[in-house]
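Keep the structure open as you read.

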Amino acid sequence: MNKLAVLAFSILIFLSTMLWYLANGSLNEYIKSQIELQGHYYSGQTTSLLLAEFSDSTNSAQLNQLTLANISHYQAENLLTVDEALVELSAIQNRSLVTAIKKVTLNKLTINIEEDKNNINNIDQLIQTISLTLAKDYPQSYPAISAKIYAQEHPDLDAEQYAKNHPEARSIDEPTKTKKSRGKAKLKVTIAAINIKDLELNIIRNGITQSILKHNITIEGIGGDEGLEANQIGGEILLKILSLASD
């Protein structure tokens, strides 16, 4: 393998982040650690991956036994599990610093959906947590949420008056524009599609579980042509996956 560019590819939850990694350490351990770190960072819940194996011959990574722990006061131990995931890189990588993933295939995805005594849904609660974290880190991708966060943090600020007095500054309800990055270029990822062979939704109410099975679900591309930062991709994937269980 080229010593100057060892592919370090990682994906969250069942995939997470993936990037070109310059190192002599264990690539598979790096993938595993990045998935677990990003899963916990965005959700606040323990994320575990049993095994990650990248193959040079197939240009793909096999992930086994991925779990995302449930929020503590809910019944089920795990909110989400994936038995196996296969991440296939595109044969042709046309752009530097942008890694193109051809397809991510989840063999079986299981999501446990439940409400607490206050009728608060664990899925909606986690989606809110992830969205807020993404908005704080990448406000240009979530202008509406970032504007609300800004307003909450500055309750005494009159946005319109502030804009008049400071024309050089943007209004809090104006979408954040992407700034030119300084220093080291950001590694990015784009995913053409995520395919889920089997989806099991376990709806838990009053101690009774109702299961719904769905098959061959496709989530269309993430990241578009430009790609998303490698550290952002994990949160975006989680949102896409959890939206399958959200009303």
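What covers the buried side of helix H2? Helix H1 (27–43), strand E4 (60–69), strand E5 (78–89), strand E6 (98–114), helix H3 (143–153) and helix H5 (230–243) are among the elements that cover its buried residues. The model is predicted.

**Helix H2**
- H2 covers residues 122–137, 16 residues in total.
- From first to last C-alpha, H2 reaches 23 Å, close to the expected 22 Å.
- Its buried residues are Asn 122, Ile 123, Leu 126, Ile 127, Ile 130, Ser 131, Thr 133, Leu 134 and Ala 135.
- An α-helix has 3.6 residues a turn, so residues three or four places apart point the same way.
- Asn 121 caps the N-terminal end of H2. A side-chain oxygen of Asn 121 sits 2.6 Å from the backbone nitrogen of Ile 123.

**Helix H1**
- H1 has 17 residues, which should span 24 Å at 1.5 Å a residue; the end C-alpha atoms are 24 Å apart, so the two agree.
- Buried in H1 are Leu 27, Tyr 30, Ile 31, Lys 32, Gln 34, Ile 35, Gln 38, Gly 39, Tyr 42 and Ser 43.

**Ser 43**
- Ser 43 belongs to helix H1.
- Its relative accessible area is 3%, under the 20% cut-off, so Ser 43 counts as buried.
- A polar side-chain atom of Ser 43 lies 2.6 Å from the backbone oxygen of Gly 39.
- The backbone nitrogen of Gln 45 is 3.0 Å from a polar side-chain atom of Ser 43.
- Beyond four places in sequence, Ser 43 touches Leu 68, Leu 126, Thr 129 and Ile 130.

Methods: Residues are numbered from 1 along each chain as its sequence is written. This is a predicted model: local features need pLDDT of at least 70, side-chain atom pairs count only at pLDDT 80 or more; totals for chains, interfaces and linings use all residues. Side-chain values use heavy atoms; hydrogens and water are left out. Helices (H or I, at least four residues) and strands (E, at least two) are DSSP runs, numbered from the N terminus. The expected span of a helix is 1.5 Å times one less than its number of residues. Buried means under 20% relative accessible area, exposed over 50%, partly exposed in between (1.4 Å probe, protein chains only). Contact means heavy atoms within 4.5 Å. A polar contact is a pair of N or O atoms within 3.5 Å; within protein, one must be able to donate a hydrogen and the other to accept it, and residues adjacent in sequence count only if both atoms are side-chain atoms.
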